[in-house]
Amino acid sequence: MLSPAESEALLLSLRVSLVGVGCALPFALAVALLLSRVRFPGRSLAEALCYLPLVLPPVVVGYLFLILLGTHEPVGKWLVDTLGVRFAFSWTGAALTSGIITFPLQLRAMRLALESQDRGLAEAAATLGAGAVDRLWNITLPLALPGILAGVITAFAASLGEFGAIITFVSNIPGETRTLPLAIYSALQTPGGEVEAARLCGISIALALVGVSLAELMGRRFRAAYER
Amino acid sequence: MTIEVSLTHRFASFVLDAAFRVERRGVTALFGPSGAGKSTIVAAIAGLLHPQRGRIAIDGHVVLDTANHIFTPAPARHMGCVFQDARLFPHMSVETNLRFGLRRSGRTASSEFAAIVELLGLESLLSRRPARLSGGEKSRVALGRALLASPDLLLLDEPLAALDAARKAEILPYLERLRDSSRLPMIYVTHAVDEMARLADTVILLRDGRVAGQGPVFDVLADIELGPFLPAFGAVFPAMVVCHRDDGLTELGFDGGALLVPRLYRAAGTRLRVRLRAEDVLLAREIPMAISANNILATQVTAVRLSGDHADVQLRSGGIRLVSRITRASLQRLDIAPFQSIYAVIKSVTVDPQLDALAMR
């Protein structure tokens, strides 16, 4: 059904997005909690900074990573030497890029969920003897779960389509950084590759549909669970 | 065994500056119109609000003292709270909600759980989600959840305000049963005189963030100086069913006489509270003859207070206080003044037979 190159691109896309969004998730949640629950000086600045990846051109983000994390740049060199982590021209770099680019999408959904939550419920839990961590774990997060999942799914879907930042930072290496969008781009650059491009587009659309239906299904599950 | 509260907190639109000290026993009602500061006081006692200045001590144990930077956080205060909006956790079943505080109190008393479920009639609701409960059921679950945390003090912040009259009537008996069967002291916030009259032992009247009056419920409700603060003014006093007469009336005895009321379907010996609205008490210089009213009480005038075109007359009959609201013209015509003897005429039908018919006090 799928050619080896196609399944390679599909699996790589899934891996890059899963790892990227998955690693960004705890950070997005922590920042969402911080922004929605704690007042601190420089809050507006921190907020603006968090939403920067959403408004910057992806190419700029990719370029910034290139000059920051390249193997010959100070930070990138330090990461390779001390932690053994190489981002440049590697699928991990693609994952990092995806995670950062879609970070604002996760953050936004989670913040909305946390801010629209009835604070009275956590207060009630406090009067029943639940401490701060207890309340976070048993009241705040479970109630925000639909929002958290919505954020993750949106970020994941957007991450699957990331092109500019990935190609700028980690280039277009088959089997390493050639995700679906990059594979489509490559096919279009090849004479007679239109059919291949169309097939890859079909895979992308199918993937998007599965994602959207999954999100819808989960949403319905939650509503049903709360109203039982 | 006392509750001492003194708070000062400046909000954008109003200033709370209230202090009171009550016995930690029975039901203390915080009574006042919306915006009087009732809920703020309760939030401060619960530890949900950190006031700008204040001191709160329960039985001498200080939980808040801004001067000495003492602030016990809410989870360590052991104050049970029942909020107007119930605040049940929507992602948990009724049973999990009920056990939330019980588990965190470090006890696993299943007999206690069963007792509360029984007391509040929650058996059939245990597996349901809060979204599927009626307003009255939610209130009962919230009450049970707070009780199962075995608090030192139960704070009820307008627990019935969101309910219609029928639901209220459904919950009030549970609250009365709780008051009478447990030793748990309660602070009950309300702006409804009927709830206060039925439940409270002690009343603290709040007005514009200040304490306007305080005392036993029977004294406060019939205090003519506090009349302007009470939307439905009238005396409340304890009474007991004496007997049911052949003419269809029931005789109630109280400290100072007897009162005939329409038939009450309660056994002789049942204790209850009687409420007489000030507007319903007529005054007469002499015993009126051939009159439809069934009750004529010999009383003494203790005070008179003029207010607008009417006058509030404070009366004493035995050990209880009564109050009568008459026109200024009537006051002058009868030449009523303190220390005089006067007859209070009370129609049986104005004594509300519903009121406290279930209160076993």
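Predicted model: local features only at pLDDT ≥ 70, side-chain atom pairs only at ≥ 80, totals over all residues.
Two residues are in contact if their C-beta atoms, placed from the backbone, lie within 7 Å.

One open sheet in chain B is built from 5 strands, lined up in the order β2-β1-β4-β5-β6 with antiparallel pairing. Its edges are taken by β2 (15-23) and β6 (70-71) of chain B; each has a single partner strand, so one side of each is left without a neighbour in the sheet. To pick out one pair, B:V5 has B:F20 as its bridge partner in β2(B). A helix joins in here too: α1 (residues 38-46) of chain B packs on this sheet, where it touches β1, β2, β4 (53-58) and β5 (61-65) of chain B. The direction of helix α1 of chain B makes about 115 degrees with that of β1(B).

Another open sheet in chain B has 4 strands, and here the order is β14-β13-β12-β15, again with antiparallel pairing. This time β14 (257-262) and β15 (271-277) of chain B sit at the edges; since each has a single partner strand, one side of each is left without a neighbour in the sheet. From one strand to the next, the twist averages 45 degrees. Strand β13 (residues 249-254) of chain B and β14(B) run antiparallel and are joined by 6 bridges. Within this pairing, B:L252 has B:L259 as its bridge partner in β14(B).

That leaves the place where the two chains meet. Here, 22 residues of chain B are in contact with 16 residues of chain A. On the chain B side, β7 (79-82) and α2 (94-104) each supply at least two of the residues that touch chain A. Sorted by class, this side of chain B comes to 12 nonpolar, 4 polar and 6 charged residues.

Terms used: Residues numbered from 1 in each chain as written. Chains lettered and ligands numbered in written order. Nonpolar A, V, L, I, M, F, W, Y, C, P; charged D, E, K, R; others polar. Pairing = 2+ DSSP bridges. Axes fitted to C-alpha atoms, helices over the stretch in contact; angles between N-to-C directions.
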